[in-house]
Amino acid sequence: MIKVGVFGASGRVGKLLIEDLKLIEDMSLSTVFVRNSLDFAIDPSVLVTSDMHSFINAADIIIDFSLPEACEMLLEEAIKNPKPLVIGTTGLNNHQLNLLKQASELMPILYATNMSLGVALLNKLVYQASSALKDFDIEIVEMHHRHKKDAPSGTALTLSESAAAGRNLDINKVRVSGRDGNIGERSKDEIAVMALRGGDIVGRHTVGFYNDGEFIELNHTATSRNTFSKGAIRAAKWLSTQESGLYSIADCLEF
Ligand code: NAD
């Protein structure tokens, strides 16, 4: 039985992880980290703690869907007490991404800005389309619920990296995340990533390839957050048998 710790347990995805883990035969929820207290009932066998050391010790593997500062705290503690980590938190800054890489030398870490099977395939398709349709302009639009804090979404940023990689471009040099005013014509290589926020949209990403006379749009819509919690559980099961290193969702799905 794999003992799973959930970090970010009272969040939108964290709560679903707790429910979905009940359906998995060879995994069980052993602990949740809380800042204050939980506002919902949980099986008494689960350790509910605000002590990071006890939290890490009580788990064989940890799944994180929290916020960047919280994820940073988890990584710092895990470096002292290594455990396999599935990280779903988005919006990590460069320091936090470096910490994640450093930690992955000591433990297996799977980091995915989107845990869904569909988006994993979408990234492959975007790479292929970007490479094959060299003259097409690439524009990415993402839509999320009104509560989302980071923008553009981690998924959209990953998609933009796949698009840039398909053309051997450095995404940091070609990404545009807003247009306003008399900005002139679109340059050939730019890849725009635009964020829309509203209502309860779980997540919608469109990667468009536009040329004179035709365009293709690749679209993915998440209709339920369970897509992410179930994907993270699948990733955790796979990660529990891996050596130290930094893995992607594509590694886990063997795409
Ligand atoms: P949420 O705001 O509902 O939940 C955040 C959780 O983090 C809460 O439990 C909160 O208590 C906890 N938290 C915040 N600050 C903390 C701290 N300092 N210490 C400990 N815990 C802290 O968010 P959500 O919608 O569940 O999303 C969580 C993260 O996962 C976001 O970054 C979101 O973008 C990302 N996300 C990733 C995927 C994916 O597939 N990778 C899918 C959906 C959301």
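**View 1. Lysine 173 in helix H7 of the predicted model.** Lysine 173 lies in helix H7, which spans residues 171–174. The structure shown here and in the other views is a predicted model. With a relative accessible area of 72%, lysine 173 is exposed, because the cut-off for that word is over 50%. Isoleucine 191 is 18 residues away from lysine 173 along the chain, and the C-alpha atoms of the two are separated by 9.5 Å.

**View 2. The open sheet of five strands.** The order of the strands in this sheet is E8-E9-E7-E10-E11, and their pairing is mixed. Strand E8 (175–176) and strand E11 (214–222) are the edge strands, and each of them pairs on one side only. Strand E7 (residues 137–144) and strand E9 (residues 191–197) run parallel and are joined by seven bridges.

**View 3. Helices H5 and H6 packed together.** Helix H5 covers residues 117–132 and helix H6 covers residues 154–165. Their axes are 7 Å apart, and the helices pack at an angle of about 30°. Angles under 35 degrees count as roughly parallel, so this word applies to H5 and H6. The crossing in which H5 passes H6 is right-handed. On the H5 side the contact is made by Val119, Leu122, Asn123, Val126, Tyr127 and Ser130. On the H6 side it is made by Thr155, Thr158, Leu159, Ser162, Ala163 and Ala165. An α-helix has 3.6 residues a turn, so residues three or four places apart point the same way.

**View 4. Serine 162 in helix H6.** Is serine 162 buried or exposed? Its relative accessibility is 13%, and buried means under 20%, so serine 162 counts as buried. This residue is placed in helix H6. Leaving aside residues up to four places away in sequence, serine 162 touches Asn123, Val126 and Tyr127.

**View 5. The open sheet of seven strands.** This sheet has parallel pairing and the strand order E3-E2-E1-E4-E5-E6-E12. Its edge strands, each pairing on one side only, are strand E3 (47–49) and strand E12 (245–247). On average, neighbouring strands of this sheet are turned by 20° against each other, direction ignored. E4 and strand E5 (residues 85–87) run parallel and are joined by three bridges. Isoleucine 63 stands opposite valine 86 in E5. Helix H3 packs on the sheet, where it touches E1, E2, E4, E5 and strand E6 (108–111). Between the directions of H3 and E5 the angle is about 165°.

**View 6. Strand E1 and its two neighbours.** Strand E1 (residues 2–7) is largely enclosed by the rest of the structure, because five of its six residues are buried. E1 pairs with strand E2 (residues 27–33) in the parallel sense over six bridges. The bridge partner of isoleucine 2 is methionine 27 in E2. Between these two strands the chain passes through helix H1 (residues 12–21), and this β-α-β crossover is right-handed. E1 also runs parallel to strand E4 (residues 61–64), to which four bridges join it. Here phenylalanine 7 stands opposite aspartate 64 in E4.

**View 7. Helix H1 and its surroundings.** Which residues of H1 are buried? They are Val13, Gly14, Leu17, Ile18, Asp20 and Leu21. The buried residues of H1 pack against E1, E2, E4 and helix H8 (226–239). H1 and H8 pack at an angle of about 60°, with axes 9 Å apart. This angle makes H1 oblique to H8. The two helices cross in the right-handed sense. H1 makes this contact through Val13, Leu16, Leu17, Asp20 and Leu21, and H8 through Asn226, Phe228, Ser229, Lys230, Ala232 and Ile233.

**View 8. Helices H3 and H4 packed together.** Helix H3 (residues 68–80) and helix H4 (residues 94–103) cross at roughly 25°, and their axes come within 10 Å. The two helices are therefore roughly parallel to each other. Their crossing is left-handed. The contact residues of H3 include Leu75 and Ile79, and those of H4 include Leu99 and Leu100.

Technical notes
Residues numbered from 1 in each chain as written. Predicted model: local features only at pLDDT ≥ 70, side-chain atom pairs only at ≥ 80, totals over all residues. Heavy atoms only, no water. Buried < 20%, exposed > 50% of the residue type's maximum accessible area, 1.4 Å probe, protein only. Pairing = 2+ DSSP bridges. Right-handed = clockwise from strand over helix to strand, strands pointing away. Axes fitted to C-alpha atoms, helices over the stretch in contact; angles between N-to-C directions. Parallel < 35°, antiparallel > 145°, perpendicular 65-115°, else oblique. Left-handed = near helix turned anticlockwise from the far one by under 90°. Contact = heavy atoms within 4.5 Å.
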